[in-house]
Amino acid sequence: MLMYFLVVLTFRTPFLLLRCRNIGRNNLIALFSALLFVSHPIQTEAVTYIFQRLASLVAFFYLLSIVLYIKWRLQVTPSLTLPHQGGGKWWGASLLYLASILSAILAMKTKENAFTLPIVIALYEFFFFRGTLGKRVLHLIPFLLTMLIIPITLIGIDKPVGEIISGIEPATRGYEGISRADYILTQFRVVVTYIRLLFLPVNQNIDYDYPVYHSFFDIQVFLSFLFLIFVFGSAFYFLIRSKFSPVLRFISFGIFWFFITLSVESSVIPQYILINEYRVYLPSMGVFTAIVNGAFLFIERLKGKKTQTAVLAFLILIPLLLSPATYNRNAVWRSTVSLWTDVVRESPLKERGHNNLGNAYMGKGLTDKAIEHFLIVLKLKPNFLEAHNNLGYAYLSKGLIDNAIEQYQIALRLKPDYAEAHYNLGVVYYKKGLLDNAIEQYQIASRLRPDYAKAHYNLGGAYLKKGFIDKARKEFETTLKINLDFEPARKYLMDINKTNSPYPKKQ
């Protein structure tokens with residue numbers, strides 16, 4: 001709805017109002033732009049992937065801020081043809097302006113790619129409105145000041161900037177240690193892939209097996225660079241030609257919108273994931289408005305009503321074709337098994353997909369299938385730490401205790417401070433009756449991760465079995481300090497504190 005209003009309001013701005021008076025056509029452009037946005041399968045990851053809810057939330061505040069700004073500018077901009085647009089009550093206009101700034105602040109506090117919002121608002125101001133330079137800059141200063149929110153917020157956060165911007169979770173953690181130069185070179189190819197997906201949404205994937213490029217003169221990188229320069233240059237060309245065909249300015253703005261809103265995640269800040277479809281959620285709006293405006297401009301220049309009707313019918317057909325594709329793509333997210341099965345099908349040589357599919361199978365109790373995929377992971381990448389730990393857990397679930405111990409020991413050789421492997425090794429030793437060994441592993445795990453509630457709980461259980469009641473009580477109390485809802489620890493603690501405790505204290 002916000003995208004629809006953005007397009008409708010743009011046609012009421014001073015630059016387009018006198019030149020594009022066909023209100024019915026303008027409303028159709030707004031409708032088809034919004035329909036393309038809402039029906040396109042590339043949006044599935046931003047909408048359906050709950051972990052990436054920030055992508056849609058920041059887009060909401062981003063659009064809301066721009067729409068409110070336009071509404072405010074239209075109220076304070078006198079119009080000879082539509083006197084009611086200008087000269088509105090000053091307090092009403094002020095509320096719109098303040099609400100726009102508030103929305104900008106909320107966008108900045110939602111996700112870091114909102115950093116581009118003041119730039120887009122400034123670009124919109126100079127594309128579609130008129131006025132003295134000093135006054136216009138004065139209007140924009142509060143928005144430009146909101147850009148300070150993100151760097152100030154990042155100060156003191158003990159995480160790489162790329163990880164914060166990515167907003168990734170462990171299941172999709174990817175390339176670590178990629179250089180800034182390689183990331184920029186690879187992004188030339190990635191942005192072209194985004195454009196290809198917008199026009200041809202096939203072979204979608206939550207976890208692309210995307211190559212890292214190291215040379216600008218790699219033929220794929222160089223051709224991608226030339227293509228992007230051509231697209232970016234066409235925006236300047238359309239801007240110049242908009243003196244003769246005003247809709248070209250809207251198309252130009254849409255292209256600039258795409259590049260600007262994508263710049264935070266596809267430029268100079270290396271991130272753990274090279275390509276993610278949710279990153280196109282906000283930038284795609286610019287592409288869809290440019291496409292639909294271009295289509296209607298093409299219709300206007302066609303001779304013959306039948307030809308115009310055919311093009312309009314094609315525009316109607318596109319959302320009808322995209323909607324089933326989006327429905328089918330959304331079905332992939334029905335379960336973790338279906339999701340990671342799709343990833344393995346699209347990226348069979350990428351170890352992370354197999355590892356996550358193995359975890360999904362473990363969650364369903366399909367241990368043999370899980371083991372199969374963990375073994376594939378270790379064949380692809382023998383030093384994959386989590387796969388050794390996961391395989392150990394799978395072996396333990398099947399009662400293959402010695403095999404589980406072997407996998408945990410391999411994991412600890414790769415990373416001696418791996419708290420989860422120490423904890424799991426403690427579980428195995430406990431099952432074998434080796435309480436002293438189990439206690440040692442639980443102690444290491446809880447020391448490495450003081451907030452590891454399960455490690456403290458199991459350590460308390462091991463102490464209890466050995467008759468060390470006071471030590472057990474301390475560990476159960478620590479468990480509840482970490483997680484107040486850890487009911488098994490509460491039950492043991494209540495039993496220990498009873499007058500007639502069932503646990504005799506060891507002398």
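I began with a term: a crossing is left-handed if the near helix is turned anticlockwise from the far one by less than a right angle, and right-handed if clockwise. I noted that this is a predicted model, in which local features need pLDDT of at least 70 and side-chain atom pairs count only at pLDDT 80 or more, while totals for chains, interfaces and linings use all residues. Residues are numbered from 1 along each chain as its sequence is written, and side-chain values use heavy atoms, with hydrogens and water left out.

**Entry 1: overall make-up**

I looked up the secondary structure and found 25 helices and zero strands. Helices (H or I, at least four residues) and strands (E, at least two) are DSSP runs, numbered from the N terminus. The C-alpha atoms fill a box of roughly 95 × 50 × 40 Å along the principal axes. Of the 507 residues, 53% are buried; buried means under 20% relative accessible area, exposed over 50%, and partly exposed in between, with a 1.4 Å probe and protein chains only. I then turned to contacts, meaning heavy atoms within 4.5 Å. Among contacts between residues at least 6 apart in sequence, 69% join residues at least 24 apart.

**Entry 2: helices H21 and H22**

Two packed helices are described by the angle between their axes and the distance between the axes. Axes are lines fitted to C-alpha atoms, for helices over the stretch in contact, and angles run from 0 to 180 degrees between N-to-C directions. I found that H21 (residues 419–431) and H22 (residues 435–448) pack at about 160°, with their axes 8 Å apart. H21 is therefore roughly antiparallel to H22. Angles under 35 degrees count as roughly parallel, over 145 as roughly antiparallel, 65 to 115 as roughly perpendicular and the rest as oblique. H21 passes H22 in a left-handed crossing. The residues that meet include Tyr423 and Tyr430 in H21, and Tyr442 and Leu448 in H22. By class, this contact of H21 with H22 has twelve nonpolar, four polar and no charged residues. Ala, Val, Leu, Ile, Met, Phe, Trp, Tyr, Cys and Pro count as nonpolar, Asp, Glu, Lys and Arg as charged, and the others, Gly among them, as polar.

**Entry 3: helices H11 and H13**

I next examined H11 (residues 180–199) and H13 (residues 247–262), whose axes come within 12 Å and cross at roughly 130°. H11 is therefore oblique to H13. The crossing of H11 past H13 is right-handed. Val191, Tyr194, Ile195 and Leu198 in H11 meet Phe258, Phe259 and Leu262 in H13. The contact of H11 with H13 has seven nonpolar, no polar and no charged residues.

**Entry 4: salt bridges**

I counted 16 salt bridges in the structure, each being a side-chain nitrogen of Lys or Arg within 4 Å of a carboxyl oxygen of Asp or Glu. One of them joins arginine 329 and aspartate 342 (3.0 Å, N to O). Arginine 329 lies in H15 (residues 305–331) and aspartate 342 in H16 (residues 336–346), so the pair ties together parts that are 13 residues apart in sequence. Arginine 329 is buried at 8% relative accessible area, and aspartate 342 is buried at 5%.

Arginine 473 and aspartate 470 also meet in a salt bridge (2.9 Å, N to O). Both lie in H24 (residues 469–482), three residues apart, about one turn of the helix. Arginine 473 is partly exposed at 22% relative accessibility, and aspartate 470 is partly exposed at 41%.
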